[in-house]
Amino acid sequence: AAPGPRSYTTLRDEAVKLFNSLQQLELERDPVPLMQGVLQTCLDLPPLVDEIYCQLVKQTTEPPAPGGQGDLHYWQLLTCMSCTFLPSPPVLRFLHFHLDRRVPSRFPTSEMAKYACFIREALRKTKGRECVPSLEEILVLMRRQEMICTVHCPGAPTCSVAISSHTTAEESPSVAFVSPQVARELVSRLGLSQSPNLFALYAQSRRREQPVGSTTLLADVLTRFE
(Lines give C-alpha, C1' and ligand atoms only; values in the text may rest on other atoms or scores of the structure.)
Protein backbone atom coordinates (compact mmCIF):
# COMPACT_ATOMS: atom_id res chain seq x y z
CA ALA A 1 0.00 0.00 0.00
CA ALA A 2 1.17 3.51 -0.77
CA PRO A 3 1.32 6.42 1.66
CA GLY A 4 -1.56 8.91 1.70
CA PRO A 5 -5.28 8.73 2.28
CA ARG A 6 -5.95 6.36 -0.60
CA SER A 7 -5.22 2.69 -1.11
CA TYR A 8 -3.07 1.79 -4.12
CA THR A 9 -1.95 -1.34 -5.87
CA THR A 10 1.36 -1.69 -7.76
CA LEU A 11 2.98 1.22 -9.54
CA ARG A 12 2.41 -0.53 -12.85
CA ASP A 13 -1.31 -0.91 -12.19
CA GLU A 14 -1.61 2.69 -11.01
CA ALA A 15 0.22 3.89 -14.14
CA VAL A 16 -2.33 2.03 -16.27
CA LYS A 17 -5.17 3.61 -14.30
CA LEU A 18 -3.67 7.05 -14.84
CA PHE A 19 -3.34 6.39 -18.55
CA ASN A 20 -7.03 5.48 -18.65
CA SER A 21 -7.83 8.67 -16.74
CA LEU A 22 -5.96 10.71 -19.33
CA GLN A 23 -7.93 9.04 -22.10
CA GLN A 24 -11.14 9.89 -20.26
CA LEU A 25 -9.96 13.47 -19.79
CA GLU A 26 -10.40 14.18 -23.49
CA LEU A 27 -14.16 13.73 -23.26
CA GLU A 28 -14.84 15.18 -19.80
CA ARG A 29 -17.17 18.18 -19.72
CA ASP A 30 -15.96 18.99 -16.21
CA PRO A 31 -12.32 17.86 -16.11
CA VAL A 32 -11.41 19.49 -12.78
CA PRO A 33 -12.17 16.56 -10.38
CA LEU A 34 -10.41 14.13 -12.70
CA MET A 35 -7.37 16.42 -12.90
CA GLN A 36 -7.25 16.71 -9.13
CA GLY A 37 -7.43 12.91 -8.84
CA VAL A 38 -4.43 12.52 -11.17
CA LEU A 39 -2.49 15.11 -9.19
CA GLN A 40 -3.34 13.40 -5.89
CA THR A 41 -2.10 10.05 -7.19
CA CYS A 42 1.17 11.67 -8.27
CA LEU A 43 1.55 13.30 -4.85
CA ASP A 44 0.96 9.97 -3.09
CA LEU A 45 3.12 8.01 -5.55
CA PRO A 46 6.05 10.27 -6.61
CA PRO A 47 7.56 7.70 -9.04
CA LEU A 48 4.53 8.29 -11.28
CA VAL A 49 5.27 12.01 -11.76
CA ASP A 50 7.69 11.36 -14.62
CA GLU A 51 5.24 8.89 -16.14
CA ILE A 52 2.44 11.46 -16.27
CA TYR A 53 4.72 14.15 -17.67
CA CYS A 54 5.81 11.81 -20.45
CA GLN A 55 2.22 10.79 -21.20
CA LEU A 56 1.12 14.42 -21.37
CA VAL A 57 3.98 15.34 -23.69
CA LYS A 58 2.93 12.45 -25.92
CA GLN A 59 -0.74 13.50 -25.85
CA THR A 60 0.11 17.11 -26.76
CA THR A 61 2.40 16.10 -29.63
CA GLU A 62 0.66 15.87 -33.02
CA PRO A 63 -2.88 15.79 -31.54
CA PRO A 64 -5.69 14.86 -33.95
CA ALA A 65 -7.47 18.17 -33.24
CA PRO A 66 -4.92 20.83 -32.22
CA GLY A 67 -6.55 23.39 -29.99
CA GLY A 68 -9.69 21.31 -29.54
CA GLN A 69 -11.31 20.65 -26.17
CA GLY A 70 -9.46 17.39 -25.57
CA ASP A 71 -6.12 18.88 -26.54
CA LEU A 72 -6.63 21.88 -24.24
CA HIS A 73 -7.60 19.59 -21.35
CA TYR A 74 -4.20 17.93 -21.68
CA TRP A 75 -2.46 21.31 -21.72
CA GLN A 76 -4.44 22.38 -18.67
CA LEU A 77 -3.44 19.28 -16.74
CA LEU A 78 0.16 19.83 -17.83
CA THR A 79 -0.15 23.36 -16.45
CA CYS A 80 -1.38 22.02 -13.10
CA MET A 81 1.44 19.46 -13.04
CA SER A 82 4.03 22.17 -13.66
CA CYS A 83 2.76 24.16 -10.66
CA THR A 84 2.82 21.10 -8.39
CA PHE A 85 5.73 18.79 -9.30
CA LEU A 86 9.16 18.99 -10.88
CA PRO A 87 10.06 16.02 -13.09
CA SER A 88 13.46 14.37 -12.98
CA PRO A 89 16.24 16.19 -14.90
CA PRO A 90 16.06 13.96 -18.03
CA VAL A 91 12.27 14.34 -18.27
CA LEU A 92 12.58 18.07 -17.56
CA ARG A 93 14.96 18.45 -20.53
CA PHE A 94 12.56 16.49 -22.71
CA LEU A 95 9.67 18.66 -21.53
CA HIS A 96 11.56 21.89 -22.25
CA PHE A 97 12.33 20.67 -25.76
CA HIS A 98 8.61 20.09 -26.25
CA LEU A 99 7.70 23.52 -24.87
CA ASP A 100 10.49 25.52 -26.54
CA ARG A 101 10.55 24.07 -30.05
CA ARG A 102 7.69 21.83 -31.05
CA VAL A 103 4.73 23.94 -29.96
CA PRO A 104 5.90 27.51 -30.74
CA SER A 105 7.20 26.55 -34.17
CA ARG A 106 3.89 25.05 -35.28
CA PHE A 107 1.31 27.12 -33.38
CA PRO A 108 3.06 30.37 -32.36
CA THR A 109 -0.08 32.37 -31.47
CA SER A 110 -2.31 29.54 -30.28
CA GLU A 111 -3.69 28.75 -26.85
CA MET A 112 -1.25 25.84 -26.73
CA ALA A 113 1.68 28.26 -27.15
CA LYS A 114 0.30 30.41 -24.31
CA TYR A 115 0.08 27.37 -22.07
CA ALA A 116 3.63 26.39 -23.07
CA CYS A 117 4.89 29.84 -22.05
CA PHE A 118 3.01 29.66 -18.73
CA ILE A 119 4.38 26.19 -18.01
CA ARG A 120 7.97 27.25 -18.74
CA GLU A 121 7.67 30.05 -16.20
CA ALA A 122 6.01 27.79 -13.64
CA LEU A 123 8.78 25.18 -13.88
CA ARG A 124 11.30 27.86 -12.93
CA LYS A 125 9.48 28.48 -9.64
CA THR A 126 8.03 25.12 -8.64
CA LYS A 127 9.74 23.38 -5.70
CA GLY A 128 7.08 20.87 -4.70
CA ARG A 129 3.78 21.01 -2.90
CA GLU A 130 2.47 19.60 0.38
CA CYS A 131 -1.05 19.49 -1.07
CA VAL A 132 -2.38 19.17 -4.58
CA PRO A 133 -4.10 22.28 -5.97
CA SER A 134 -7.61 22.90 -4.72
CA LEU A 135 -10.53 22.75 -7.13
CA GLU A 136 -10.56 26.53 -7.18
CA GLU A 137 -6.83 26.71 -7.93
CA ILE A 138 -7.18 24.23 -10.78
CA LEU A 139 -9.93 26.36 -12.32
CA VAL A 140 -7.69 29.41 -12.06
CA LEU A 141 -4.70 27.58 -13.55
CA MET A 142 -6.83 26.41 -16.46
CA ARG A 143 -7.28 30.10 -17.30
CA ARG A 144 -3.61 30.92 -16.57
CA GLN A 145 -4.67 33.39 -13.90
CA GLU A 146 -3.93 34.10 -10.25
CA MET A 147 -6.08 33.28 -7.24
CA ILE A 148 -7.65 35.91 -5.04
CA CYS A 149 -6.69 35.45 -1.39
CA THR A 150 -8.80 37.24 1.23
CA VAL A 151 -6.87 38.46 4.27
CA HIS A 152 -8.73 39.71 7.35
CA CYS A 153 -6.90 42.65 8.90
CA PRO A 154 -7.30 43.63 12.59
CA GLY A 155 -9.51 46.67 12.85
CA ALA A 156 -9.66 47.07 9.08
CA PRO A 157 -11.72 45.73 6.17
CA THR A 158 -10.75 42.52 4.45
CA CYS A 159 -8.00 42.76 1.89
CA SER A 160 -8.13 40.83 -1.40
CA VAL A 161 -4.71 39.98 -2.78
CA ALA A 162 -3.80 38.08 -5.95
CA ILE A 163 -1.45 35.14 -5.37
CA SER A 164 0.01 32.45 -7.60
CA SER A 165 0.68 28.78 -6.96
CA HIS A 166 4.23 29.77 -6.00
CA THR A 167 3.55 32.59 -3.53
CA THR A 168 5.14 31.80 -0.16
CA ALA A 169 4.83 33.53 3.19
CA GLU A 170 8.46 34.63 3.04
CA GLU A 171 9.86 37.31 5.32
CA SER A 172 10.19 40.81 3.91
CA PRO A 173 11.98 43.86 5.38
CA SER A 174 8.78 45.30 6.86
CA VAL A 175 6.47 42.34 7.43
CA ALA A 176 7.57 38.92 8.68
CA PHE A 177 5.88 35.74 7.48
CA VAL A 178 3.87 37.62 4.86
CA SER A 179 4.39 37.26 1.15
CA PRO A 180 5.62 40.42 -0.66
CA GLN A 181 2.26 40.90 -2.38
CA VAL A 182 0.30 40.50 0.85
CA ALA A 183 2.81 42.59 2.80
CA ARG A 184 2.55 45.59 0.51
CA GLU A 185 -1.22 45.50 0.54
CA LEU A 186 -1.56 45.07 4.31
CA VAL A 187 1.01 47.72 5.19
CA SER A 188 -0.73 50.18 2.88
CA ARG A 189 -4.22 49.40 4.19
CA LEU A 190 -3.17 49.68 7.83
CA GLY A 191 -1.13 52.84 7.31
CA LEU A 192 2.04 51.24 8.68
CA SER A 193 4.48 51.97 5.87
CA GLN A 194 6.94 53.62 8.28
CA SER A 195 6.40 51.20 11.16
CA PRO A 196 9.43 49.20 12.38
CA ASN A 197 7.12 46.51 13.77
CA LEU A 198 6.86 43.01 12.38
CA PHE A 199 3.56 41.34 11.56
CA ALA A 200 2.53 37.75 10.96
CA LEU A 201 0.04 36.09 8.65
CA TYR A 202 -2.22 33.63 10.48
CA ALA A 203 -4.48 30.86 9.19
CA GLN A 204 -7.62 30.46 11.27
CA SER A 205 -10.08 27.57 11.22
CA ARG A 206 -12.98 26.69 13.49
CA ARG A 207 -10.73 24.79 15.88
CA ARG A 208 -7.43 26.61 15.89
CA GLU A 209 -5.37 29.57 14.78
CA GLN A 210 -1.73 29.31 13.81
CA PRO A 211 0.93 31.46 12.12
CA VAL A 212 1.85 30.62 8.56
CA GLY A 213 5.48 29.51 8.29
CA SER A 214 7.88 31.58 6.22
CA THR A 215 8.35 28.93 3.51
CA THR A 216 4.72 27.80 3.39
CA LEU A 217 2.95 28.08 0.05
CA LEU A 218 -0.22 30.07 0.52
CA ALA A 219 -1.94 27.87 -2.08
CA ASP A 220 -1.37 24.88 0.20
CA VAL A 221 -3.01 26.77 3.06
CA LEU A 222 -6.06 27.46 0.90
CA THR A 223 -6.20 23.82 -0.20
CA ARG A 224 -6.35 22.66 3.41
CA PHE A 225 -9.37 24.87 3.96
CA GLU A 226 -11.09 23.23 0.98
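User: Is Ser 21 buried or exposed here?
Analyst: In this predicted model, Ser 21 is buried: its relative accessible area is 17%, and the cut-off for buried is under 20%.

User: OK, and where is Ser 21 found?
Analyst: Ser 21 is in helix α1, residues 11–25.

User: What does Ser 21 touch, leaving out residues up to four places away in sequence?
Analyst: Leu 34 and Val 38.

User: Which other residues are buried in α1?
Analyst: Besides Ser 21, you've got Glu 14, Ala 15, Leu 18, Leu 22 and Leu 25. Looking down the axis of α1, the buried residues fall within an arc of 115°, so they line one face of the helix. In an α-helix there are 3.6 residues a turn, so residues three or four places apart point the same way.

User: And what do the buried residues of α1 pack against?
Analyst: They pack against α2 (32–44), α3 and α4.

User: How far apart are the end C-alpha atoms of α1?
Analyst: They're 21 Å apart, which agrees with the 21 Å that its 15 residues should span at 1.5 Å a residue.

User: What about the phi of Arg 144?
Analyst: That one is positive as well, near 55°. Arg 144 lies in the loop between α7 (135–142) and β1 (147–152), and at 24% relative accessibility it counts as partly exposed.

How values were computed. Residues are numbered from 1 along each chain as its sequence is written. This is a predicted model: local features need pLDDT of at least 70, side-chain atom pairs count only at pLDDT 80 or more; totals for chains, interfaces and linings use all residues. Side-chain values use heavy atoms; hydrogens and water are left out. Helices (H or I, at least four residues) and strands (E, at least two) are DSSP runs, numbered from the N terminus. Buried means under 20% relative accessible area, exposed over 50%, partly exposed in between (1.4 Å probe, protein chains only). Contact means heavy atoms within 4.5 Å. The expected span of a helix is 1.5 Å times one less than its number of residues. The arc is that of the directions from the helix axis to the C-beta atoms.
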